Amino acid sequence: MSSPVLSNLPGLVKGAQFRVAFRAAMPQHPTFMILQTTVACNSRCRMCSIWKMVPENEMSLQEVERLFADPYMRKLRWLNLTGGEPFMRQNFAEIVKAAALHLPNLEIIAIPSNGFMPDRVEKTTLQMLDYLRGTDILLNVNISIDGIGAKHEEIRRIPGGFDKVTESLRRLQAIGKQNPQLESGVEAIITGLNVGEMRKIYEGLKDHTDHVNLTPAIISSYYLGNEQMASDVKLSGPDIGEMLGFLEEMERKEPAYAFYFNNVRSIYMHGHRTFPCLMGWKSMYVNATGDVFPCHLLGPDYLMGNLRDATMEEIWTGPHAKQVRERLKEEKFCDVCTNNCDILNNLKEETWSFAAYMVQHPETFRRLLRDIREKEHWRKYAGRRVRAPSPG
């Protein structure tokens, strides 16, 4: 029963350090960053208003490269490159190249995409993989799908959009079969608009992709443009019961997501978050103009500083950032947040809550270990299969 705990002793030590830092509102070196590469977007989503924003004064490639080259970022292990629609940025692949060049401990680059540009998604992904060749960095591209067929197009308001996103997913899967450095999957955001579609999405796509991520929508003023939009998105009444029942089923079927699904259900049932959030301490958000926030879901009141005015270390460790963290500890929005944005960072850098869950659910832990071993075996086999013979 103790194996889940002892298997990640360094994570438990880091977890203890984090809890001390949390109480003191003191920063730690960031290990996870969400970087908004652009606000440009070619979708018209009913649950988001970011597509109404005009790209202005966004960080240049040189400024992004300077961020990655900052010595204070050397412990970064996971990078999420988001938008808008990140593939709309013309030099997007070069951002991945800069990350691989300057971040020595980087393990994963994750990219969410609406998938409405199959040609560009395919071409840019191949270019990114070329830049990542010779590294151990995993590229993870997730395509957002909110329903099957007409339901997806109703929510995203792009005619013919479902065919485009499934074509992007098909091409990514084909690339991944030839290059084990790429994983691609589906990201489904659960809202009042599509809660009844979750089973269709999961069962319809799980055999055609590496994974299907399911995340309840977070009502954030940053993304939602008006009260009507928030009302459409918000889960309430019978919708919540339907979602919780489905997530309980998924907890049994998907050991990799069981810890997260269990905590989502707990938040809805008990009204507060049951595992810590590292945003603001070891996780951060940088928007397209260089503003640094603890989290991408919080508004301008939580701005820590701008990278054009100071270094990341000066911003992240400064007295204003400490004040922001003190407020974060009392922020009611955070106490009920169900987002999974830094869940991997939480599992590896905090660990205590995850270990406790696995101790209580040993069968889930055994199935998780089995799935991890099978995936690692496939990657090693696929890597040998596609590697070109050495000359001579």
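Biologist: Is Phe261 buried or exposed in this model?
Modeller: Phe261 is buried, because its relative accessible area is 1%. Keep in mind that this is a predicted model.

Biologist: And Tyr260, buried or exposed?
Modeller: Tyr260 counts as buried too, because its relative accessibility is 4% and the cut-off for buried is under 20%.

Biologist: What kind of aromatic pair do Tyr260 and Phe261 form?
Modeller: A tilted one. The ring centres are 5.8 Å apart, and the planes make an angle of 50°.

Biologist: Why give two numbers for one pair?
Modeller: Because a pair of aromatic rings is described by both the distance of the centres and the angle of the planes.

Biologist: Which residues make up the aromatic cluster there?
Modeller: Tyr257, Tyr260 and Phe261 form one cluster.

Biologist: How many aromatic pairs are there in the whole structure?
Modeller: The search finds 8.

Biologist: New topic: charges over rings. Which ring does Arg325 lie over?
Modeller: Arg325 lies over the face of Trp316, 4.9 Å from the ring centre.

Biologist: What about Arg327?
Modeller: Arg327 lies over the face of Tyr302, and the distance to the ring centre is 4.3 Å.

Biologist: Which elements give two or more residues to its lining?
Modeller: Those are α2 (9-24) and α14 (332-335).

Biologist: Which lining residues lie nearest the centre of that pocket?
Modeller: Phe22, Arg273, Phe275, Pro276 and Cys277, out of 25 lining residues.

Biologist: How does the lining divide into nonpolar, polar and charged?
Modeller: The second largest pocket has 15 nonpolar, 2 polar and 8 charged residues in its lining.

Methods. Residues numbered from 1 in each chain as written. Predicted model: local features only at pLDDT ≥ 70, side-chain atom pairs only at ≥ 80, totals over all residues. Heavy atoms only, no water. 1 Å grid on protein atoms, 1.4 Å probe; cavity = no way out; pocket = protein on both sides within 12 Å on 5 of 7 lines; lining within 4 Å. Helix = DSSP H or I, 4+ residues; strand = E, 2+ residues; numbered from the N terminus. Nonpolar A, V, L, I, M, F, W, Y, C, P; charged D, E, K, R; others polar. Phe/Tyr/Trp six-rings, centres within 6.5 Å; stacked < 30°, edge-to-face > 60°. Buried < 20%, exposed > 50% of the residue type's maximum accessible area, 1.4 Å probe, protein only. Lys NZ or Arg CZ within 6 Å of the ring centre and 35° of its normal.
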